[in-house]
Amino acid sequence: MSVLTRDEAQTRAGLLDVHRYTIDLDLTGGDETFDSHTLIAFSARTDGDTFVEIRPAELRSVTLDGQPLDPESLDGNRLPLKNLTAGEHELRVHAAMRYSRTGEGMHRFTDPTDGETYVYTQLFLDDVQRVFAAFDQPDLKAVFELSVRAPQGWTVLANGVTEHTGDGRWRAAPTPPISTYLVAVAAGPWHSVRTEHRGLPFGLHCRRSLAPYLDADADELLDVTRACYDRYHEKFDEPYPFDSYDQAFVPEFNAGAMENPGLVTFRDEFVYRSAVTDTERQTRAIVIAHEMAHMWFGDLVTLKWWDDIWLNESFAEYMGYQILTEATRFTDTWTDFGVARKSWGYDADQRPSTHPVAPEAVDDTASALLNFDGISYAKGAGALRQLVAWLGEKDFLAGINTHIARHRFANATLADFIDSLAGATERDVHAWADAWLRTTGVDTLTPHIAPGDHGTCALTVDRAGSRPHRIAVGLYDRDLGDDGGHLVLRERLHLDLPQDGAQPIGKRPALLLLNDGDLGYAKVRFDPESFETVRKDLSGLPSPLTRAVVWNALRDAVRDGELAPGAYLETARAHLPLETDLAIVQGVLAFAATHITDRYLTPEERPAALATLSELCRDLIRRTEDGDNPGLRLIAVRHRIDAAAHPDTIAAWLADGTVPGGPELDPELRWRVLARLAVLGATDEAAIAAELQRDPSATGQEGAARCRAALPDPEAKARAWAAMFSSDDLSNYLFSATARGFWQPEQADLVREYVPRYYADAVPVADRRGPAIATAVGRDAFPAHAVDADSLHLGEQCLRDADPGPALRRSLVDQLDDLKRALRVRQAHTA
């Protein structure tokens with residue numbers, strides 16, 4: 001299949017104006033394909049040739065202005081349109097299209113709980129051609145009129161309000177002009193919760209088997225939705241531009257959510273079947289706020305080409321966190337951003353695959369798809385947060401509203417965005433954009449404290465990097481009261497880098513913290529005395545956001561080989577039992593488990609590290625015995641299960657159905673325990689089958705797949721490998737579940753033979769099954785536990801000789817860089 005290049009898109013946009021799509025889909029034709037009829041009304045500005053994209057199972061007929069075209073002329077995914085004359089045209093295309101099992105195009109899913117079937121579209125970035133014929137590029141916006149024939153008993157959702165016209169036929173209201181990738185359909189026997197807000201229809205939708213769980217959270221979901229909607233109307237001059245706001249929680253979704261105008265689709269793990277922490281509820285609320293921001297920034301005003309994807313994602317990322325903080329009970333969202341998102345950006349920005357937030361040119365759609373990463377989301381949002389602090393929110397919003405007014409229902413570029421901002425401020429926004437959006441990498445800031453006269457000190461900051469920064473510097477003294485161990489903020493200075501001379505700071509503080517408040521985007525280090533204070537008194541810092549900055553600095557120091565992994569674990573052991581912020585506890589435990597114990601420490605050091613994590617979790621469980629902090633207890637129980645080196649305790653929990661003192665084991669915890677027991681060789685196929693009978697849901701199927709792949713048995717490993725790499729039967733979610741079970745550090749000897757097989761088998765399955773599975777192959781199926789020179793050599797040889805496609809190549813480049821980093825960390829701290 002041909003990917004669309006930037007030059008081709010510009011040429012086609014110069015030739016065509018696309019006015020309207022009239023689309024008729026028939027979903028009643030069986031399990032494999034559906035019928036797609038498309039009428040495209042467009043005009044050509046001059047005489048010329050072009051093409052329309054479609055990827056059919058069968059192209060049945062094509063007519064242009066009433067004259068038949070040869071279906072055999074289809075070349076891959078391109079249907080040539082030759083000898084167009086200037087003026088108006090109508091193209092009609094009839095095709096049979098394949099349902100997807102990988103979350104791309106029109107995904108079809110049958111719920112194992114009740115046998116009901118659901119379909120939904122995910123057309124981003126260039127998958128509209130899997131559903132209907134289209135001039136598939138973002139700057140050829142058009143009106144879409146959609147009708148769908150669905151099985152009896154189904155409801156059809158779309159970008160506009162839908163009505164059932166009888167005999168299983170549904171018609172959606174015409175959309176305003178939108179881009180092809182934003183068209184959406186979701187059909188099935190949905191369970192729906194409907195209401196109105198400010199005269200606009202709101203809806204929540206999920207599979208019927210999830211109805212009790214959606215109903216339990218409907219008030220919270222709608223409260224967040226209403227609060228964000230109202231707050232955006234206070235921020236933006238332009239009112240919400242579409243006729244309804246539906247949120248559909250759909251199965252086997254590859255992303256967190258997709259901002260289809262009027263019909264936002266979310267992964268249905270956000271309909272919680274099991275207990276979750278308040279931080280996880282906050283994460284769901286952030287996604288709601290993020291997708292709603294896209295209604296203005298992305299849907300109303302859309303990028304012209306994919307080099308400006310950051311305009312969509314960075315803005316929505318920033319606004320999601322900020323709006324939630326302002327409008328809901330979730331007032332500490334920036335702590336979660338610092339812990340969970342910013343580290344994602346920092347990691348991505350230090351790999352060979354890094355790119356500018358706003359790259360100069362993205363040559364084609366395949367390259368564009370690779371830029372949906374921690375840079376376009378987290379780094380871009382961090383840069384925007386710094387920009388807002390620099391400009392002030394009033395001028396920032398004035399520029400944003402100018403931008404929306406200038407480009408509503410049209411397309412815009414980075415230059416358009418910067419011009420809109422520049423018109424609202426005296427500051428040099430163009431220079432800011434060059435420094436922050438056109439460069440790569442993370443600056444590192446290191447403080448130096450020099451003594452002065454009369455017991456005073458002065459601060460200078462070394463900057464490894466080139467960007468200007470405006471950061472806060474926190475000066476903390478020890479509290480000399482009875483409690484001890486507490487740090488008190490003496491002063492928070494604001495510092496512009498590079499400096500004009502040393503900054504007086506008075507007497508030497510116990511802790512000097514660069515980027516206090518986390519408004520900057522940079523790695524920070526400590527002076528020696530401050531580092532000792534952190535080791536002793538980290539939990540005594542008064543603000544969760546401040547503690548998050550410190551934990552991130554420690555994390556970065558471990559990754560850079562400057563802090564021993566064991567020292568990080570010791571700090572966590574000392575201070576995490578006193579931590580109150582759930583996002584911090586979860587982030588620190590996750591890094592300790594997935595990076596330190598599984599990768600940065602040697603196999604010989606791993607058992608002691610797991611014992612430390614187990615002890616830490618036991619402390620947290622004891623601390624929460626009074627029931628005051630169920631979220632903290634849940635996090636501790638989850639990680640205690642994952643760190644178990646012996647099966648007895650967690651097997652007893654599973655047999656009793658509860659942790660002593662709570663919580664009871666819900667489906668998520670039961671599958672988590674069983675997965676760990678499988679790794680330890682303390683369960684078998686009969687127990688997995690029994691648990692699946694107890695929980696036959698889709699998540700139960702995934703849990704069983706993970707457990708079966710985790711069994712320390714050669715035949716189980718062979719079956720799992722064949723399911724992933726020799727068969728194309730696994731859906732995207734079942735593939736990932738199987739992959740996550742397969743590789744286990746405890747089973748390194750058992751799976752050693754599969755490490756070279758991975759590099760041989762990954763490329764063909766990725767080529768066969770497309771970008772979504774290719775990403776899963778590189779992310780979930782990669783042998784991350786194999787931190788050794790042989791695996792690195794095999795991976796580099798694969799990149800050099802096997803010609804992996806773009807999605808897999810990007811994943812392998814990142815994974816191999818992480819492997820090199822792990823080797824460097826081990827080397828730096830091995831006696």
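These legends describe close-up views of a predicted model.

**View 1. Helix H25 and its length.** Helix H25 covers residues 789-801. At 1.5 Å a residue, its 13 residues should span 18 Å. The C-alpha atoms at its ends are 18 Å apart, which agrees. At the start of H25, a side-chain oxygen of Asp 788 comes to within 3.2 Å of the backbone nitrogen of Asp 790. After the helix comes Asp 803. Its phi is positive, near 55 degrees.

View 2. Five residues are picked out as buried: Ser 791, Leu 792, Gly 795, Cys 798 and Leu 799. Seen down the axis of H25, the buried residues fall within an arc of 125 degrees, so they line one face of the helix. Their cover includes helix H23 (754-769) and helix H26 (806-828). On the other side of H25, Ala 789, Asp 790, Arg 800 and Asp 801 are exposed.

**View 3. A salt bridge between Asp 17 and Arg 45.** The count for the model comes to 73 salt bridges. In this one, the closest N and O atoms of Asp 17 and Arg 45 are 2.6 Å apart. Asp 17 lies in strand E1 (residues 16-26), and Arg 45 in the loop between strand E2 (33-44) and strand E3 (48-53). The pair therefore ties together parts that are 28 residues apart in sequence. Asp 17 is partly exposed, with a relative accessible area of 30%. Arg 45 is also partly exposed, at 42%.

**View 4. A salt bridge between Asp 26 and Arg 149.** Here the closest N and O atoms are 3.6 Å apart. Asp 26 belongs to strand E1 and Arg 149 to strand E10 (residues 143-149), so the bridge ties together parts 123 residues apart in sequence. Asp 26 is partly exposed at 21% relative accessibility. For Arg 149, also partly exposed, the value is 31%.

View 5. Arg 622 and Asp 619 meet through their side chains, at 3.1 Å from N to O. Both residues lie in helix H15 (residues 606-623). They are 3 residues apart, about one turn of the helix. Arg 622 is partly exposed at 49% relative accessibility, and Asp 619 is partly exposed at 22%. Elsewhere, salt bridges that share partners join Arg 231, Glu 234, Lys 235, Glu 326 and Glu 393 into one network.

**View 6. The aromatic pair of Phe 124 and Trp 306.** The whole structure holds 48 aromatic pairs. The ring centres of Phe 124 and Trp 306 are 5.4 Å apart. Their planes stand at 85 degrees, so the pair is edge-to-face. The pair links distant parts of the chain, 182 residues apart. Phe 124 sits in the loop between strand E9 (117-122) and E10. Trp 306 sits in the loop between strand E20 (301-303) and helix H4 (309-327). Phe 124 is buried at 13% relative accessibility, and Trp 306 is buried at 2%.

View 7. Tyr 758 is buried, with a relative accessible area of 0%. Tyr 759 is buried as well, at 6%. One aromatic cluster has among its members Phe 202, Tyr 229, Trp 296, Trp 310 and Phe 417.

Key
Residues numbered from 1 in each chain as written. Predicted model: local features only at pLDDT ≥ 70, side-chain atom pairs only at ≥ 80, totals over all residues. Heavy atoms only, no water. Helix = DSSP H or I, 4+ residues; strand = E, 2+ residues; numbered from the N terminus. Expected span 1.5 Å × (residues − 1). Buried < 20%, exposed > 50% of the residue type's maximum accessible area, 1.4 Å probe, protein only. Arc of directions from axis to C-beta. Contact = heavy atoms within 4.5 Å. Polar contact = N/O pair within 3.5 Å; in protein donor to acceptor, adjacent residues only side chain to side chain. Salt bridge = Lys/Arg side-chain N within 4 Å of Asp/Glu carboxyl O. Phe/Tyr/Trp six-rings, centres within 6.5 Å; stacked < 30°, edge-to-face > 60°.
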